[in-house]
Amino acid sequence: MPRPKRKAAPPVTSSDVDSSLRPGPKKSTSKQFDRIDHLFESYTNKSLGLIDPEGIEALCKDVRVDHTDVRMLILAWKMKAEKQGYFSKDEWRRGLKCLGADTLTKLRKAIKGLNQEVMEPGCFEDFYSYSFQYCLTEEKQRSVDIETICELLSIVLGSEFPSQVKSLIEYLKIQTDYRALTMDHWRNIYRFFKEVSFLDLQSYDSSQAWPVILDNFVEWLKGKEDKN
């Protein structure tokens, strides 16, 4: 559909523009992007024009963070990276500009503080949902296999809910009803950990429309307690 024609706007004079709204010098921004782009090129697979898994491994080594560290997943979230294991130049620019990191030293420092940043109000829920979506590697994929879910639980929630994550992973690995979980399952797991006390499970109300897999998990936990 053709775009509608627009009437020419009258010329704007310097007196018409509030000085507080005038854009700042572009030179510094241009130099910042040049440095960000230079850093991107140092990890890029030249034939793909992307940072691939090998490049990410090199990046992890340079910023002194293991590839399984949650901060690398948070970095991908900051970039809004779409494909697991790959960063495009636009994604890289977006993330590093947001972090104010245009050198390796600055990036290393920024990554160290990502744990605190993601815990800001409203941030963690968005990151938590992203972490699941990031694992959807195939077109039209709607669920993530149990093995990957277990790894993701350990990375994303392991430090905040260690005993809960350990128990759920143990259950997920022995149950045979589900081979994969959906986003609805994933979101309810976080809600479950926040709302249900594992000390007595009395706060768990199965009538509150919890996913069946969590009903089964609670029954399994109670069965373990009865045996002890």
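**Notes on the charged side chains**

1. Let's start with Arg71, which is buried at a relative accessible area of 18% (buried means under 20%, exposed over 50%, and partly exposed in between, with a 1.4 Å probe and protein chains only). Arg71 pairs up with Asp69 in a salt bridge, their closest N and O atoms being 2.9 Å apart (that is, a side-chain nitrogen of Lys or Arg within 4 Å of a carboxyl oxygen of Asp or Glu).

2. Keep in mind that this is a predicted model, where local features need pLDDT of at least 70, side-chain atom pairs count only at pLDDT 80 or more, and totals for chains, interfaces and linings use all residues. Residues are numbered from 1 along each chain as its sequence is written, and side-chain values use heavy atoms, leaving out hydrogens and water.

3. Next, look at Arg35 and Asp102, whose side chains meet in a salt bridge at 2.8 Å, N to O. Arg35 sits in helix 1 (residues 26-41) and Asp102 in the loop between helix 4 and helix 5 (104-112), so this pair ties together parts 67 residues apart in sequence (helices are DSSP runs of H or I, at least four residues, numbered from the N terminus). Asp102 is buried, at 4%, while Arg35 is partly exposed, at 38%. Lys106 joins these two in a network of salt bridges.

4. Which residue is buried yet has no salt bridge? That's Glu91, with the nearest side chain of opposite charge, Arg94, 5.3 Å away (Lys and Arg count as positive, Asp and Glu as negative; His and the chain ends are not counted). Glu91 lies in helix 4 (residues 89-99), and its side chain reaches the backbone nitrogen of Glu82 at 3.1 Å.

Note on methods:
Helices (H or I, at least four residues) and strands (E, at least two) are DSSP runs, numbered from the N terminus. A polar contact is a pair of N or O atoms within 3.5 Å; within protein, one must be able to donate a hydrogen and the other to accept it, and residues adjacent in sequence count only if both atoms are side-chain atoms.
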